[in-house]
Amino acid sequence: MEELETLFKRLQHLTVNAGVVIDTGEAAGCGQLVEKIERYLKEDFGVGLVSGPPEKRSIPVERIRQRDISKGWTHHSSNVLMLRGRVRSGQKIEGKKHVIITGDVNPGAEITAGGDIYILGKLLGQVHAGQPDNEDAIVFALDFRPSRIQIATVLAAGLPDAQGGTAEYAFLDNERIVVDNYLEANPFARLPWPEVM
Amino acid sequence: MEARTIVITSGKGGVGKTTATASIGAALAIEGNRVVVIDMDIGLRNLDVVLGLENRIVFNVVDLANERCKVSQAAIRDRRIENLFLIPASQSDNKDVLTTASVERMVALLKKEFDYIIIDSPAGIERGFENSIAAADESIVICTPDVSSIRDADRVIGLLYANSITPKIIVNRIVPQMVASGDMLSHEDILDVLSVELAGLVPMDEQVVISTNTGMPLVMQNGSLAGMAFRRIAKRLNGEKDIPVKVPEYKTGMWNRISKRFSKKK
């Protein structure tokens with residue numbers, strides 16, 4: 001109460017006819033306390049309206065509604081690093097989150113990302129996704145022939161006899177790197193709505 | 001005409017930078033340009049031997065860059081090819097005696113007197129390489145059809161782009177029969193990885209060894225396949241149109257023998 005008093009005294013010029021929301025969080029049975037505070041605020045500071053927290057909807061419904069209404073991606077500033085062109089031997093690209101490259105990654109080039117790595121072209125260099133410990137990261141390439149691949153802390157050498165020419169992706173499964181045909185596995189198809197990366 | 005400064009480089013050693021420098025320089029001079037070739041491999045000079053001018057060295061590139069002599073003193077004139085000059089490397093210094101500023105100053109001096117300045121870069125990507133590309137407007141990267149050379153060329157191309165120089169590439173030492181049998185990478189495979197403009201393709205040629213040892217420029221040897229390839233490259237550099245890049249071919253069977261016999265008679 002004293003804390004409330006000092007706070008509201010300091011903000012006295014704002015309190016007249018103001019609306020106040022009292023969020024009790026997860027705690028139950030605070031009805032009386034809320035009423036008491038409401039009375040006190042209205043009498044002493046001339047607050048206009050005091051209300052409890054809004055009722056919560058179940059989470060999935062809430063999330064779908066939010067997405068549909070706000071179209072989150074339209075005002076999302078992404079920290080995906082997207083580059084166009086050829087990455088040459090000796091060049092090193094580091095992305096804080098996901099890295100997308102439309103072009104080829106030559107042998108001797110290095111790509112490091114905190115999240116996923118997507119190469120729309122040939123991947124012949126070294127990649128490290130999910131640095132340092134994001135085990136959900138994947139590495140995708142239209143032509144998947146990396147010389148070395150690391151996801152989080154798991155490391156694998158490239159396959160010397162990899163044929164290439166098919167869109168493949170690598171992910172972690174039980175601390176092992178698994179490479180799979182991307183179109184057959186289609187890992188993102190099960191997400192029901194578009195999601196900001 | 002504004003003088004053109006072309007640096008010949010490769011990253012990896014032993015792929016034919018010096019031979020290419022000597023050949024392209026000589027071919028451009030034969031085309032009627034005033035050409036100076038500069039050996040930037042300080043401490044390991046070779047270009048003078050390839051051009052057969054090692055007996056006539058008095059001053060070298062370090063003297064010129066550090067303003068200890070004049071251009072006319074350092075540039076050795078080739079007696080066989082008019083308008084071809086060599087500025088040799090120093091054999092006793094190391095690469096730290098030159099700075100990018102001194103090289104730029106030297107090239108600015110040379111630009112007043114020559115049409116083409118061809119710089120033979122040392123192998124590697126350290127100080128010597130940096131000095132060589134400091135004053136260059138254009139660059140030709142030499143690469144041979146093997147994986148290590150392509151990897152190094154790729155690295156060098158990245159560094160050249162970082163220095164705002166757009167490189168072209170020459171694929172050297174192509175053995176057509178090995179390409180045909182699938183044992184050697186084709187120039188298409190190489191360009192697929194490097195994706196830069198192709199300046200020319202040069203076949204493997206025993207004449208290169210002979211001309212290097214005798215100090216006779218390759219492009220003056222009639223019938224040398226590599227020499228002819230370098231002549232075409234020089235013509236293309238010189239702005240002549242309608243000279244397509246010729247892919248070295250492997251002639252099989254009877255035709256091969258017949259054409260060999262014909263070329264011997266010449």
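Trainee: In which helix of chain A does A:Leu14 lie?

Mentor: This is a predicted model, in which local features need pLDDT of at least 70 and side-chain atom pairs count only at pLDDT 80 or more, while totals for chains, interfaces and linings use all residues. Residues are numbered from 1 along each chain as its sequence is written, chains are lettered from A and ligands numbered from 1 in the order in which they are written, and side-chain values use heavy atoms, with hydrogens and water left out. Helices are DSSP runs of H or I with at least four residues, strands are runs of E with at least two, and both are numbered from the N terminus. For A:Leu14, the element comprising residues 12-15 is helix α2.

Trainee: Is A:Leu14 buried or exposed?

Mentor: Buried means under 20% relative accessible area, exposed means over 50%, and partly exposed lies in between, with a 1.4 Å probe and protein chains only. The relative accessible area of A:Leu14 is 53%, so the residue is exposed.

Trainee: What is the accessible area of the nonpolar patch formed by A:Leu7, A:Leu11 and A:Leu14?

Mentor: Patches are made of residues with over 30% relative accessible area and no salt bridge; like charges are joined within 9 Å, and nonpolar side chains (Val, Leu, Ile, Met, Phe, Trp, Tyr) within 5 Å. Accessible areas come from the Shrake-Rupley method with a 1.4 Å probe, and for residues only the protein chains shown count as cover. Together, A:Leu7, A:Leu11 and A:Leu14 have an accessible area of about 260 Å².

Trainee: What share of the residues in chain A is buried?

Mentor: Chain A contains five helices and 13 strands. Its accessible surface comes to about 12800 Å², with 51% belonging to carbon and sulfur atoms. Of the 197 residues in chain A, the buried share is 32%.

Trainee: Which residues of chain A lose the most area to chain B?

Mentor: Contact means heavy atoms within 4.5 Å, and ten residues of chain A are in contact with eleven residues of chain B. Buried area is the accessible area (1.4 Å probe) that two parts lose on being put together, summed over both; for chains A and B this is about 830 Å², 37% of it on carbon and sulfur atoms. On the chain A side, 56% of what is buried comes from the residues that lose the most area, namely A:Arg86, A:Arg88 and A:Ser89.

Trainee: With which residue does A:Arg88 meet in a salt bridge?

Mentor: A salt bridge is a side-chain nitrogen of Lys or Arg within 4 Å of a carboxyl oxygen of Asp or Glu. Across the interface of chain A and chain B, the rule finds two salt bridges. In one of them, at 3.0 Å from N to O, the side chain of A:Arg88 meets that of B:Asp154.

Trainee: How far from a polar atom of the side chain of B:Arg80 does the backbone oxygen of B:Gly215 lie?

Mentor: B:Arg80 is in the loop between β3 (76-77) and β4 (84-87) of chain B, and its side chain also meets that of B:Asp78 in a salt bridge (3.0 Å, N to O). A polar contact is a pair of N or O atoms within 3.5 Å; within protein, one must be able to donate a hydrogen and the other to accept it, and residues adjacent in sequence count only if both atoms are side-chain atoms. The distance from the backbone oxygen of B:Gly215 to the side chain of B:Arg80 is 2.7 Å.

Trainee: Which backbone oxygen does the side chain of B:Asn131 reach?

Mentor: B:Asn131 lies in helix α6 (residues 127-134) of chain B and, at 2% relative accessibility, counts as buried. A polar atom of its side chain lies 3.3 Å from the backbone nitrogen of B:Thr100. The backbone oxygen that this side chain reaches, at 3.4 Å, is that of B:Leu98.

Trainee: Why does the salt bridge of B:Lys111 and B:Asp137 tie together separate parts of the sequence?

Mentor: The closest N and O atoms of B:Lys111 and B:Asp137 are 3.5 Å apart. B:Lys111 lies in helix α5 and B:Asp137 in the loop between α6 and β6 (138-143) of chain B, so the pair ties together parts whose separation in sequence is 26 residues.
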